[in-house]
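Hi,

Here is the structure I promised to send over. Have a look at it first, and my notes follow below.

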Amino acid sequence: MQLDVLLINQSVWNLPLFMGLVCIFVLYILALKRYTDINIVHKQSLLFFLGLGLCYITTGSPIAAISHLSFSTHMLQMSILFFIIPPLLILGIPGQLSKVPAMKGFNKLFLPPVISLYAFGILFLMYHLPVFLNIFSQHTLLHNGYMLLLFILSSMWRPITVHDPRHRLYGRQKKRYAIRSGMILMPACLIFILNAFTDGIQNPFLTEITAHLCTPSQIDSAKLLPLPFNTNFDQIMAGTLMMGMHKFSIMLAFRLGK
């Protein structure tokens, strides 16, 4: 019952995000018809549509509220958002579109992949430090802006997923880049595991959600999820899950990129 009360209060569909993704969907179809010979049921277009769909499910649907219930569900959301969706979107952009003037100008907005990779690793680590988690849980606008910045920096996936041969890595260079990305993201994964063996940290997003309920006595955050979700094991599982999802995303990008 307590979980039902939480979801009733938090289940909000993000209409502005939905309309924005629909606009991207329409522009993508128009670009395919004008500049390529690929139809909307081609493998590449389906990957792009899947990326858009996952983006809305993970950030604009009531599932976004569920992701804040525990560190493990939160890290699952973050892994899908930054490790699964960007490769799908990039893989879904045909190489012919890279020659379009508008696309060339759009690509100039992104930092070089290596810089994006290191910047993402640093900011991703900072995001999961307790002091920053508490700040983001109290300032929604700041939190959303930070997430958007991380999503832009997830363009770090381009060297192993982009179809433009001028910006794509091959062979050993591709494998070395994938290994480097895992090493750079490793500290963000380990911070949860290390905290679990010390004092542990509270989930500030769950605290913020329950604080906004009309009658706080209706809900006890400690009983929202069954064990082990409210133990230090949850943090160990969160760090392990993120490492596994990153490894899975690299394997998926390699396989789909062939």
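A word on patches before anything else: they are made of residues with over 30% relative accessible area and no salt bridge, with nonpolar side chains (Val, Leu, Ile, Met, Phe, Trp, Tyr) joined within 5 Å and like charges within 9 Å. Accessible areas come from the Shrake-Rupley method with a 1.4 Å probe, and for residues only the protein chains shown count as cover. A salt bridge is a side-chain nitrogen of Lys or Arg within 4 Å of a carboxyl oxygen of Asp or Glu.

This is a predicted model, in which local features need pLDDT of at least 70, side-chain atom pairs count only at pLDDT 80 or more, and totals for chains, interfaces and linings use all residues. Residues are numbered from 1 along each chain as its sequence is written, and side-chain values use heavy atoms, leaving out hydrogens and water.

Now the patch: L15, F18, M19, V22, F25, V26, L27 and L30 form a nonpolar surface area of about 720 Å². L30 sits in helix α2, residues 15–35 (helices are DSSP runs of H or I, at least four residues, numbered from the N terminus).

W13 is exposed, at 56% relative accessible area (exposed means over 50%). Beyond its neighbours within four places in sequence, W13 contacts Y56, G60, S61 and P62, where contact means heavy atoms within 4.5 Å. W13 and G60 are 47 residues apart in sequence, yet 5.7 Å apart in space, C-alpha to C-alpha.

Best wishes

Definitions and conventions. Helix = DSSP H or I, 4+ residues; strand = E, 2+ residues; numbered from the N terminus. Buried < 20%, exposed > 50% of the residue type's maximum accessible area, 1.4 Å probe, protein only.
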